[in-house]
Amino acid sequence: MLSLWLLTAMTDSNKMIINLALFGMTQSGKSSAGNILLGSTDFHSSLAPCSVTKECSLGRSCHLHGFMRRGGQEITLQVRVLDTPGYPHSKLSKKHVKQEVKEALEHHFGQEGLHLALLVQRADVPLCGQEASPSVQMIQELLGHAWKNYTAILFTHAEKIEEAGFNEEEYLYEASDTLLTLLNSIQHRYIFQHKKGNSLSEQRIKVLEKIMEFIRENSYQVLTFK
């Protein structure tokens, strides 16, 4: 059962924990994106002709001191990221993947809640088709009717669109109707993750700042799983 709470996951007055979950298709860059968010190599990530991630895994970042200010105080941030198997999966059925992720969400975020689900989408692979992608359908089924308020798209391999001569605005202007419809559904919450030309630390800070912007706009509410 899903429920909404106004919860900030504060363990004390100057520390905040944000809970994130990664969804996406096989080889979309979920685990790599998770490692950037954590500033570590917790999740195994590699190029492969099949799905690499077979089970859910929770990673915890070190504390980012003075990451932001709230109420006049400097806030120390810790990020918790749930990496999930890609779907469609090369070896696991939809039923298996859905049950695995459902149990992990309940176990890790059942009480503290999920701040944001990140749909990881390769920027160099068009999102086409009349219906929502299998990954979007998975999010809808697991998060319920409130999924639109707790989902953002994380575009990986964004350096590829620059190499093709597009900036972010031009890319979105030329995007498929399927992608534009999805972006409209989630109030245009999206992030471009660039690897080329930026250090991992710079990438991480830029992405986390954007994520915190979405969480603030959502009044720090979370989605709990009971």
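**Contacts, cores and charges**

Trainee: Which residues does S28 touch, not counting residues up to four places away in sequence?
Mentor: This is a predicted model, where local features need pLDDT of at least 70, side-chain atom pairs count only at pLDDT 80 or more, and totals for chains, interfaces and linings use all residues. Residues are numbered from 1 along each chain as its sequence is written, and side-chain values use heavy atoms, leaving out hydrogens and water. Contact means heavy atoms within 4.5 Å. By that rule, S28 touches V120, R122, T156 and H157.

Trainee: Is S28 buried or exposed?
Mentor: Buried means under 20% relative accessible area, exposed over 50%, partly exposed in between (1.4 Å probe, protein chains only). S28 has 5% relative accessibility, so S28 counts as buried.

Trainee: How far apart in space are S28 and T156, C-alpha to C-alpha?
Mentor: In sequence, 128 residues separate them. S28 sits in the loop between β2 (15-24) and α1 (30-38); helices (H or I, at least four residues) and strands (E, at least two) are DSSP runs, numbered from the N terminus. In space, the C-alpha to C-alpha distance between S28 and T156 is 7.3 Å.

Trainee: Which residues touch the most other members of the largest nonpolar core?
Mentor: A nonpolar core is a set of buried Ala, Val, Leu, Ile, Met, Phe, Trp, Tyr and Cys residues joined through side-chain atoms within 4.5 Å. The largest one has 38 residues. Elements giving two or more residues to this core include β2, α2 (94-109) and β9 (221-225). The residues touching the most other members are L82, L105, L143, I153, F155, Y171 and L179.

Trainee: Why does the R80 and E112 pair tie together parts of the chain?
Mentor: Side chains of opposite charge can pair when their charged atoms come close. R80 and E112 form a salt bridge at 3.0 Å, N to O; the term means a side-chain nitrogen of Lys or Arg within 4 Å of a carboxyl oxygen of Asp or Glu. R80 lies in strand β5 (residues 73-83) and E112 in the loop between α2 and β6, so the tied parts are 32 residues apart in sequence.
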